[in-house]
Amino acid sequence: MHESSICVKSPGKLILLGEYAVLEQAPALVTAIDRHCVVKIAPLYNSTFQIRTGNLKLPEVQFTLDSEGDAHFRTPLNSKVENQLRFVLSMLKYVTLRSGKIPGASIEIDTAPFYHKTTGYKFGLGSSAALTVSLLSALMEYMNKHIEQEDLYREAFLAHRHAQGKLGSGTDIAASATGGVMSYTMPESIDKLNGQVQPHSWPDDLHMITIWAGYAASTRSFVSNVNAFRDQKPAEYNKIMQTMMELSREGSVAFAKGDTDAFLNIVEDFKSQEYLLGQQSDTEIISDVHQDISSMVQKAGGTYKPSGAGGGDIGVAFCKESSTADNIREMIKESMFDVMDLKMSPTGTKVVHTTEIE
């Protein structure tokens, strides 16, 4: 193990185009954003582990890991704390099974930038993916088993699936691991991890304003509703999805070429298909809240859509002129909604060795 402490930070993500269609192997346009999960690991020499998660206000817990990676706590946890630590404990078990026994360690986790400071709501910015990439990188570095950048996405994809108990698209994992803005196509299967990451440059004349709709939404339940619609009415589902997939492909191409006019038109068309998908699947993807924000953005001269599954959470407005972007910000600030100052993170996971953990 490393004698020094290790600090790893990984960015969150914002989906710009391709929600739902990405689950059918269409490319999603996604950017890493400047909200980071930070994981710090320092050595403990008695095979004991302790976890600190200051922003979640959990008590510090101590435990040991057996040869299978299962945790044994010195003081029994109540069910609430155990559930909140479930993801981290799953990651520790995954690394143990994949790479061998982990030396005792103090693990400090900070995901505060992924939560609303006032309400405590968690933003849909890929916090679990950023945690997966940071924790995996930190643990492997701590065990002197460095993961190269080109391998990090695939290893983190497997680790995230192990912890979450589902496949997922891997969009947020790709953004956290590699950084920048990209077109992402998910793997065909867990046995064929051939997901594709195609980096892009941000068009010079494309402005982005992210907006908090005021409440969190459940991605899991929304996707479940859409999947039920797919199974019950495959013809109707396929008609909508084929259009969304084509728009996702065209939007990625337009973005890559810097054709901002075409991209803005595609965003508007994609939102219309999301609304139709929501109606047909009885899922409020384009909710009343998103429609209200969209009306304000359009009035100011921009184009708007939800980022992610929809319902509430975060939306993103696009426009060509900086003056239009300023007008959108001012209009939103005067409303009940919040402008989020999110910017693209050009880099993905960063690993730093320090003499001591702070």
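**Figure 1. Helix 10 lies across strand 9, strand 11 and strand 12.** Helix 10 covers residues 322–333 and runs at about 10° to strand 9, where helices (H or I, at least four residues) and strands (E, at least two) are DSSP runs, numbered from the N terminus. The angle is taken between axes, which are lines fitted to C-alpha atoms (for helices over the stretch in contact), and such angles run from 0 to 180 degrees between N-to-C directions. This is a predicted model in which local features need pLDDT of at least 70 and side-chain atom pairs count only at pLDDT 80 or more, whereas totals for chains, interfaces and linings use all residues. Residues are numbered from 1 along each chain as its sequence is written, and side-chain values use heavy atoms, with hydrogens and water left out. Within helix 10 sits Thr324, which is buried because its relative accessible area is 14%; buried means under 20% relative accessible area, exposed means over 50%, and partly exposed lies in between (1.4 Å probe, protein chains only). If neighbours within four places in sequence are left aside, Thr324 is in contact with Ala300, Gly301, Gly302 and Cys319, contact meaning heavy atoms within 4.5 Å.

**Figure 2. An open sheet of 4 strands has the order 10-11-9-12.** The pairing in this sheet is antiparallel, and two strands count as a pair if DSSP finds at least two bridges between them. Strands of a sheet pair through backbone hydrogen bonds, either parallel or antiparallel. At the edges are strand 10 (303–306) and strand 12 (338–340), each of which pairs on one side only. Neighbouring strands of this sheet are turned against each other by 30° on average, direction ignored. Strand 10 and strand 11 (residues 314–319) run antiparallel and are joined by 4 bridges, and Tyr304 has Ala317 in strand 11 as its bridge partner. Helix 9 (residues 288–300) lies across strand 9 (207–212), strand 10 and strand 11, and its direction is at about 165° to strand 10.

**Figure 3. Lys305 belongs to strand 10 and is a buried residue.** Lys305 counts as buried because its relative accessible area is 0%. The side chains of Lys305 and Glu19 are joined by a polar contact of 2.7 Å. A polar contact is a pair of N or O atoms within 3.5 Å; within protein, one must be able to donate a hydrogen and the other to accept it, and residues adjacent in sequence count only if both atoms are side-chain atoms. With its neighbours within four places in sequence left aside, Lys305 also has contacts that include Ile15, Leu16, Leu17, Val267 and Phe270, and Gly315 and Val316 are among them as well.

**Figure 4. Strand 7 pairs with strand 2 and with strand 8.** Strand 7 (residues 181–185) is mostly covered, since 5 of its 5 residues are buried. Val181, Ser183 and Thr185 point one way from the strand while Met182 and Tyr184 point the other way, and all are buried. Strand 2 (residues 28–43) runs antiparallel to strand 7 and is joined to it by 4 bridges, with Leu29 standing opposite Ser183.

**Figure 5. Helix 4 packs against helix 2, helix 3, helix 5 and strand 7 through its buried residues.** The buried residues of helix 4 are Leu152, Tyr153, Glu155, Ala156, Phe157, Ala159, His160 and Ala163, and the helices they pack against are helix 2 (86–99), helix 3 (127–142) and helix 5 (171–178). The 16 residues of helix 4 (residues 149–164) should span 22 Å at 1.5 Å a residue, and the end C-alpha atoms are 23 Å apart, which agrees; the expected span is 1.5 Å times one less than the number of residues. Just after this helix, Gly165 takes a positive phi of about 75°.

**Figure 6. Ser47 and Asp313 have a positive phi without being glycine.** In Ser47 the phi is about 65°, and this residue is found in the loop between strand 2 and strand 3 (49–52). Because its relative accessibility is 42%, Ser47 counts as partly exposed. In Asp313 the phi is near 60°, and this residue is found in the loop between strand 10 and strand 11. Asp313 counts as buried because its relative accessibility is 9%.

**Figure 7. Confidence is lowest in helix 1 and highest in helix 7.** Helix 1 (residues 79–84) has a mean pLDDT of 81 and helix 7 (residues 234–257) one of 98, pLDDT being the predictor's confidence in each residue, from 0 to 100. The mean for the chain is 91, and 96% of its residues reach 70 or more.
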